[in-house]
Amino acid sequence: MLTTDCAKIYVDLVGIICQLTWYIKNRKEFEEYLVNNERHVQTIARKSRQAKKAYEEVSLYYTKVLWACENNDFSVLRTKFRYLDFSESNHLSAREESIKINYEKFISETPRCTVCGGFIDGDQKVKKAHNCCKQILS
Ligand SMILES: [Zn+2]
């Protein structure tokens with residue numbers, strides 16, 4: 001019985017490490033997609049109304065975005081989330097334009113992980129890597 005439990009735990013751990021590796025590999029593109037489509041999660045949460053349903057739908061959205069990054073095929077998002085706006089809005093009010101410029105400036109100045117290229121906290125001048133990136137990919 002103990003051997004079966006250990007084997008199951010091992011298989012679960014390997015699965016988690018594989019998923020983490022998959023995430024780290026695509027993290028930069030994944031995060032950039034979320035930044036460029038920052039209203040999607042808000043729209044999904046608002047549409048779902050209940051917290052549990054919103055959590056499940058946002059989780060599914062993240063999984064599909066990650067899959068799309070891995071496969072360079074974002075059509076799956078348009079198919080699954082038909083109610084989301086995938087068009088680039090060129091008609092912004094002065095206030096929206098100002099918010100957009102400040103947001104883009106903030107994002108461009110946010111430090112990046114030296115391993116995966118994803119966003120990382122801290123001083124822009126100091127080169128840093130996520131702990132998971134250091135442990136899994138090195
Ligand atoms: Zn990283």
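Trainee: Which conventions apply to the numbering and to the model?

Mentor: Residues are numbered from 1 along each chain, as its sequence is written. Because the model is predicted, local features need pLDDT of at least 70 and side-chain atom pairs count only at pLDDT 80 or more, while totals for chains, interfaces and linings use all residues.

Trainee: At what angle do helix 2 and helix 3 pack?

Mentor: Two packed helices are described by the angle between their axes and the distance between the axes. Helices here are DSSP runs (H or I, at least four residues), numbered from the N terminus. Axes are lines fitted to C-alpha atoms over the stretch in contact, and angles run from 0 to 180 degrees between N-to-C directions. For helix 2 (residues 39–48) and helix 3 (residues 51–71), the axes are 8 Å apart and the angle is about 145 degrees.

Trainee: Which residues of helix 3 make the contact with helix 2?

Mentor: Two residues are in contact if their C-beta atoms, placed from the backbone, lie within 7 Å. Helix 2 contributes His40, Val41, Ile44, Ala45 and Ser48. From helix 3 come Lys53, Ala54, Glu57, Val58 and Tyr61.

Trainee: How many residues of this contact are nonpolar, polar and charged?

Mentor: Ala, Val, Leu, Ile, Met, Phe, Trp, Tyr, Cys and Pro count as nonpolar, Asp, Glu, Lys and Arg as charged, and the others, Gly among them, as polar. By these classes, the contact of helix 2 with helix 3 has six nonpolar, two polar and two charged residues.

Trainee: Which residues does valine 58 touch?

Mentor: Valine 58 is placed in helix 3. A residue is buried if 20 or more other C-beta atoms, placed from the backbone, lie within 10 Å of its own, exposed if 12 or fewer, and partly exposed in between. Valine 58 has 16 such atoms within 10 Å, so it is partly exposed. Not counting residues up to four places away in sequence, it touches Val41, Ile44 and Ala45.

Trainee: What distance does helix 3 reach from its first C-alpha to its last?

Mentor: The expected span of a helix is 1.5 Å times one less than its number of residues. Helix 3 has 21 residues, for which 30 Å is expected. The model comes close to this, with a reach of 30 Å.

Trainee: Within what arc do the buried residues of helix 3 fall?

Mentor: The buried residues of helix 3 are Tyr61, Val65 and Cys69. They line one face of the helix, because, seen down its axis, they fall within a limited arc. This arc is that of the directions from the helix axis to the C-beta atoms. Its value is 70 degrees.

Trainee: What is the phi of arginine 49?

Mentor: Arginine 49 stands in the loop between helix 2 and helix 3. It is exposed, with 8 other C-beta atoms within 10 Å. Although arginine 49 is not a glycine, its phi is positive, at about 65 degrees.

Trainee: How many residues of helix 5 are buried?

Mentor: Helix 5 (residues 94–109) should span 22 Å, and its end C-alpha atoms are 23 Å apart, which agrees. The helix is hardly covered: among its 16 residues, the count of buried ones is zero.

How values were computed
Helices (H or I, at least four residues) and strands (E, at least two) are DSSP runs, numbered from the N terminus.
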